[in-house]
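This report covers aromatic contacts and backbone geometry. The chain and its coordinates come first.

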Amino acid sequence: MPDPLSTRLFAATVTPFTADGHLDLAALAAHVDRLVTQGVDGVVVAGTTGESGAIAPAERLDLVRTAVDAAARRAAVVVGAGEHDTTEGIALAADGVRAGADGVLVAAPAASRPSQAGLLAHVWAIADAAEAPVMLYDNPRRFGVGFETATLLRAADHPNVRAVKDATENPHRAAEIMGLTDLAYYAGSDAAAMVLTAGGQGVVGVGVNVEPALWRAYVDALLGGDPDVAGGFAERLAPLDHALHRHVPPAVATKVVLRGLGLLPTARVRLPLVGPLPEETAAIRRDLEVYDGLPDFHRGLVRLDHPDAHGGALRLR
């Protein structure tokens, strides 16, 4: 079984859909195989980039099984859980591990916005059920509540709580987490990956979906003690990071770019996400025009305005 705690580069994967909004498991398998072949050693399925809020529990298990099969022990598979409520998080964690996941990414329940005591109880309850390593996802801007350092210290008392994905983009906080806890530290924001020059375990990134090999080289430089080379990669990747994060939700932008590159059959998202407006598509294109990569884009071979990008409620047959 791959060890999620030895993983250096996680892709926060998108969830491919067919044009009518159903899971496209064949497209997911091809996407995971491409990522792993190009140097990714971990994938997160049904996380926020994977539109977890629009994925049914049974679908989440299908995503896990497909990713596990496609990774074929070459990479760890981690499943997202806990972003809705504790009860569902317990079931998703337990079922996800039984379906083959190597670990569980536990987020704060966004609608509840619990106190720190409630957040700790939420984490421990899911960790009890997981029977696998748990990575905490700290992103207060997305979930409305974050993990205070004291809560992380308490959470780490649970034997299954082993890592943290820190998306706060605060280098002082990163240093505090790495200095005061034994949790494996993962930069949870593409823009903040340079913090790893000071230590840490790795990255859970969105841009990895688009440029896995380049991100592999970037992470190797970060963790190999070569800040000058790492800084060069950071500068090079900045326009791509801007394209995927600044205009529309990352799940939307990433699918649009992957679809344009021919790496996904459709860019379909599910409500409440929708495809980009024309002016948003134009903004993504402007960022990519200054990105030193994606040669097909610069040769004019990439279309970003596919009509299949637009979201819609899933109509069950």
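Tyr218 and Phe233 are both buried, where buried means under 20% relative accessible area, exposed over 50% and partly exposed in between, with a 1.4 Å probe and protein chains only. The model is predicted: local features need pLDDT of at least 70, side-chain atom pairs count only at pLDDT 80 or more, and totals for chains, interfaces and linings use all residues. Residues are numbered from 1 along each chain as its sequence is written, and side-chain values use heavy atoms, with hydrogens and water left out.

Four aromatic pairs are found in a search of the whole structure. Rings of Phe, Tyr and Trp (its six-membered ring) pair if their centres lie within 6.5 Å; planes under 30 degrees apart count as stacked, over 60 as edge-to-face and the rest as tilted. Two of the pairs are tabulated.

| Pair | Centre to centre | Angle between planes | Class |
|---|---|---|---|
| Tyr137 and Phe143 | 5.2 Å | 85° | edge-to-face |
| Tyr218 and Phe233 | 6.2 Å | 40° | tilted |

Tyr218 belongs to helix H8 (residues 212–223) and Phe233 to helix H9 (residues 227–245), so their pair ties together parts 15 residues apart in sequence. Helices (H or I, at least four residues) and strands (E, at least two) are DSSP runs, numbered from the N terminus.

As for the backbone, Leu271 and Pro272 are joined by a cis peptide bond with omega about 15°. Pro272 is in the loop between helix H10 (250–260) and helix H11 (278–289).
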